[in-house]
Amino acid sequence: MQKIHHLIDGRPVVGRSGRTSPVFNPATGAQTGELDLADVSEVDTAVASAKAAFGDWRNISVAKRTRLMFRFRDLVDSNAEEIARRLTAEHGKVVSDARGEVARAIENIEYACGLAEHLKGDYNENASTGVDVHTAHRPLGVVVGITPFNFPAMVPLWMIPNAVACGNTFVLKPSEKDPSAPMLIAELFQEAGFPPGVLNVVHGDKVSVDRLLEHPDIKAVSFVGSTPIAKYVHRTASTNGKRVQALAGAKNHMVILPDADLDMAADAAVSAAYGSAGERCMAISVAVAVGGVGDGLVEAIRVRMEKLSIGSGDDPSSEMGPLVTREHRDKVAGYIGVGVDEGATVVVDGRDTEFEGDGFFIGTTLIDDVTTDMTVYRDEIFGPVLCVVRVDTYHEAVKLISDNPWGNGTAIFTRDGGAARRFQEDADAGMVGINVPIPVPVGYHSFGGWKDSLFGDTTMYGPEGFRFYTKPKVITTRWPDPAESTVNLGFPENH
Ligand code: NAD
């Protein structure tokens, strides 16, 4: 069984707390690893390493930082297959999906390779007579990332490249469920030549998170995870005087107008609801069928579900893998039962699909005639369950999205440019897709939802990430008139 340790000051560090957590292969149900869980003193050691590294790192030239970032990018790229393999082995997602995660992760390193462009600041010459003003973007110090299980490679790389390129040092606390991919990324970061302590990894649970949220040497906290924990992290870290961005849960709606290309919409709904077993914060979990499109849509989705192949993520023919843990699989199954009890129409029941072995599998589920008072509508299920809500008008569809407490992503399917344009204005969510079901922004935009999908005022990666990880310093300069200078500059009289 693989033992997974912390990475502090550039070296693997075996845990001292005596506390560990099991890591499973969700496709087989077998325990494959044992993860050290940090205690307070181990967290403090990692923070001390990052603090010590900050002094030099902040002053290393932008040119050198950029070169290291390019090297890191190339190492992640050349190890993409191994990162993807680890993702599949511990998260369960199919390998094509895992490769996609690594590709999206690399985008963020590439953005950070060009960060010199942002760091150059602003300059006003002669703002007042003889007075110049410029803004410099300074790093914050030691910053922290606390990340979820569902994108164990990509989400840490939403944070680390920008933070480090801006001159900060970093402590990562990855999800305890699938820690091997972020560990490999941290090792590649060392191999690229970044100085020890610029990136540290501590594994842990609430004990380590709580210490990071209160530690006096931590300046900022980036969190991605479920809404209750995001609220807690935002409140606790803010109270302790830290800058915080806490990205949270979601219930993403996809609106299908009567004029939509139904085949295109059904393909999109199936891949966006069931891809990665629905364990994506941008997964579509509600299809809003407008004006009589419901029967055709439900049938088109149902037919496609029959063909979906579910199996181990390392089998190239699998299109959907297992859920991350046995407990999570059982929780998702419980929600389907609640949907039945509350009177929804379960068109396809994922609990009926049988699987061999002890993997954490469940089939795909389609629930029709869902109403907004039902638990399956109100809760984030975070599994392969798609609810269909039928409404008469576009206006009702938009109101559903506005009334929902979450506002991560949303999408519309239509052939009507005017309706689409109206939707991008009306949609009460941070990321909007027009005939694109999962509108995750490219690395040079930024990612984040509205309402209960984000606590804080900065979204993640891209230009907003840069803003989060720097503080502006404005320098106002006045020099005496050269005519009064003690140095003879050689000007002719009355120049
Ligand atoms: P989670 O909230 O359970 O865990 C996230 C992190 O918080 C982990 O590192 C975990 O160790 C830590 N944590 C868990 N319980 C804690 C506690 N009581 N105190 C302190 N720390 C704690 O989330 P998850 O199950 O790993 O991830 C799935 C959730 O993340 C979903 O709700 C999903 O929507 C959300 N998510 C959101 C985004 C986004 O960008 N908005 C992206 C990915 C995932």
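User: Which residues of H10 meet Gly296, Leu297, Ala300, Ile301, Arg304 and Met305 in H11?
Analyst: This is a predicted model: local features need pLDDT of at least 70, side-chain atom pairs count only at pLDDT 80 or more, and totals for chains, interfaces and linings use all residues. Residues are numbered from 1 along each chain as its sequence is written, and side-chain values use heavy atoms, leaving out hydrogens and water. Helices are DSSP runs (H or I, at least four residues; strands are E, at least two), numbered from the N terminus, and contact means heavy atoms within 4.5 Å. On the H10 side, the residues are Leu262, Asp263, Ala265, Ala266, Asp267, Ala269, Val270 and Tyr274.

User: How many residues in the contact of H10 with H11 are nonpolar?
Analyst: Ala, Val, Leu, Ile, Met, Phe, Trp, Tyr, Cys and Pro count as nonpolar; Asp, Glu, Lys and Arg count as charged; the others, Gly among them, are polar. In this contact, one residue is polar and three are charged, while the nonpolar residues number 10.

User: How are H10 and H11 oriented to each other?
Analyst: H10 spans residues 262-274 and H11 spans 294-307; they pack at about 55 degrees, with axes 9 Å apart. Axes are lines fitted to C-alpha atoms, for helices over the stretch in contact, and angles run from 0 to 180 degrees between N-to-C directions. Under 35 degrees is roughly parallel, over 145 roughly antiparallel, 65 to 115 roughly perpendicular, and the rest oblique. H10 and H11 are therefore oblique.

User: Is the crossing of H2 and H4 left-handed or right-handed?
Analyst: The axes of H2 and H4 (residues 95-113) come within 9 Å and cross at roughly 165 degrees. The two helices are therefore roughly antiparallel. A crossing is left-handed if the near helix is turned anticlockwise from the far one by less than a right angle, and right-handed if clockwise. For H2 and H4, the crossing is left-handed.

User: Which residues in H7 meet Phe72, Leu75 and Val76 in H2?
Analyst: H2 (residues 62-78) and H7 (residues 180-191) cross at roughly 135 degrees, their axes coming within 9 Å. The residues of H7 that meet those in H2 are Ile185, Leu188, Phe189 and Glu191.

User: What area do domain 1 and domain 2 bury between them?
Analyst: Domain 1 is 2-248 + 453-476 and domain 2 is 252-434; such bounds come from an automatic or database domain assignment. Buried area is the accessible area (1.4 Å probe) that two parts lose on being put together, summed over both. With 60% of it on carbon and sulfur atoms, the buried area is about 1800 Å².
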